[in-house]
Amino acid sequence: MLQLQQKVSRENLKNGEVLCDHCPAKCCRYFALPIDTPDTWEEYDFIRWYMIHGRVSVFVEDDTWYMVVHADCKHLGEDNRCGIYETRPQICRDYSTKDCEYDDDECYEKLFETPEQLWEYAEAVMPPKPRGLRKNGQLQLPVLAGVE
Ligand code: SF4
Ligand code: SF4
């Protein structure tokens with residue numbers, strides 16, 4: 001019979017254990033970069049371009065927009081351990097389990113997991129899209145299936 005293993009909580013770590021021993025290395029499977037807050041249709045379209053490459057999402061926290069690229073680090077081993085621990089980048093050294101995503105309780109102000117979700121949001125907050133294909137400096141923007 002399949003036995004479900006209960007997730008070890010931070011409070012229940014045994015002596016000598018670290019949280020990372022019980023984690024599928026979540027923090028080594030993406031990176032996030034702050035991006036400019038979009039306030040024109042062209043800027044929303046630019047972010048949509050990021051997202052249509054796949055495995056890219058966008059979240060907003062404290063009014064700052066971030067692009068997240070979901071990609072495993074090439075040095076992450078099958079055992080979920082760092083393969084270059086002694087020479088890992090400084091940002092990895094500076095990261096700690098203190099506020100990490102182990103608990104899955106991240107709650108963002110806004111989270112867009114697909115370009116369609118982003119577009120739907122833009123439709124709600126932006127004035128109507130400009131018409132015309134690059135005429136008079138205007139950009140023609142598409143109607144996405146299921147959004148408009
Ligand atoms: S720092 Fe947190 S998210 Fe990263 S491997 Fe350790 S427990 Fe997992
Ligand atoms: S270098 Fe090591 S610690 Fe840093 S992201 Fe890659 S596997 Fe994780």
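Begin with the protein chain coloured by secondary structure: three helices and four strands are present, where helices (H or I, at least four residues) and strands (E, at least two) are DSSP runs, numbered from the N terminus. Followed along the sequence, the elements come in the pattern β-α-β-β-α-β-α. This is a predicted model, in which local features need pLDDT of at least 70, side-chain atom pairs count only at pLDDT 80 or more, and totals for chains, interfaces and linings use all residues. Residues are numbered from 1 along each chain as its sequence is written, while chains are lettered from A and ligands numbered from 1 in the order in which they are written.

**Confidence and overall packing**

Colour the chain next by pLDDT, the predictor's confidence in each residue, from 0 to 100. The mean pLDDT of the protein chain is 86, and 82% of its residues reach 70 or more. Confidence is lowest in α1, at a mean of 93, and highest in β3, at 97.

Of the 148 residues of the protein chain, 9% count as buried. A residue is buried if 20 or more other C-beta atoms lie within 10 Å of its own, exposed if 12 or fewer, and partly exposed in between, with C-beta atoms placed from the backbone. Contacts are counted when the C-beta atoms of two residues, placed from the backbone, lie within 7 Å. Among contacts between residues at least 6 apart in sequence, 65% join residues at least 24 apart.

**The sheet**

Select the four strands together. In what order do the strands lie in the sheet? They form an open sheet in the order β1-β3-β2-β4, with antiparallel pairing; two strands pair if DSSP finds at least two bridges between them. The edge strands are β1 and β4 (110-112), each of which pairs on one side only. From one strand to the next, the twist averages 20°; axes are lines fitted to C-alpha atoms, for helices over the stretch in contact, and angles run from 0 to 180 degrees between N-to-C directions.

V56 stands opposite V69 in β3, and V60 has W65 as its bridge partner.

Then select helix α1, residues 41-51. The helix lies across β1, β2 and β3, and runs at about 130° to β2.

**Turns and loops**

Most residues other than glycine have a negative phi. The next three residues may be examined with this in mind. R55 belongs to the loop between α1 and β2 and has a positive phi of about 55° although it is not a glycine. R55 is exposed, because 10 other C-beta atoms lie within 10 Å.

Move on to the hairpin formed by β2 and β3, which has two residues between the strands. D62 in the turn has a positive phi of about 50°. D63 is found in the loop between β2 and β3, and its phi is also positive, near 70°. Is D63 buried or exposed? D63 is exposed, since 8 other C-beta atoms lie within 10 Å.

**The segment before β1**

Select K7, found in the segment before β1 (31-35). K7 is exposed, with 11 other C-beta atoms within 10 Å. K7 and H22 are 15 residues apart in sequence and 7.7 Å apart in space, C-alpha to C-alpha. D21 also lies in the segment before β1 and is exposed, with 12 other C-beta atoms within 10 Å. The C-alpha atoms of D21 and D79 are separated by 9.8 Å, although these residues are 58 apart along the chain.

**The two ligands**

Finish with the ligand shells, where a residue is near a molecule if its C-beta atom, placed from the backbone, lies within 6 Å of it.

- Ligand 1: select L19, C20, C23, A25, K26, C27, T97, C100, E101 and Y102. This shell divides into seven nonpolar, one polar and two charged residues.
- Ligand 2: select C28, C73, H75, L76, C82, I84, R88, P89 and C92. Here the division is seven nonpolar, one polar and one charged.

In these divisions, Ala, Val, Leu, Ile, Met, Phe, Trp, Tyr, Cys and Pro count as nonpolar, Asp, Glu, Lys and Arg as charged, and the others, Gly among them, as polar.
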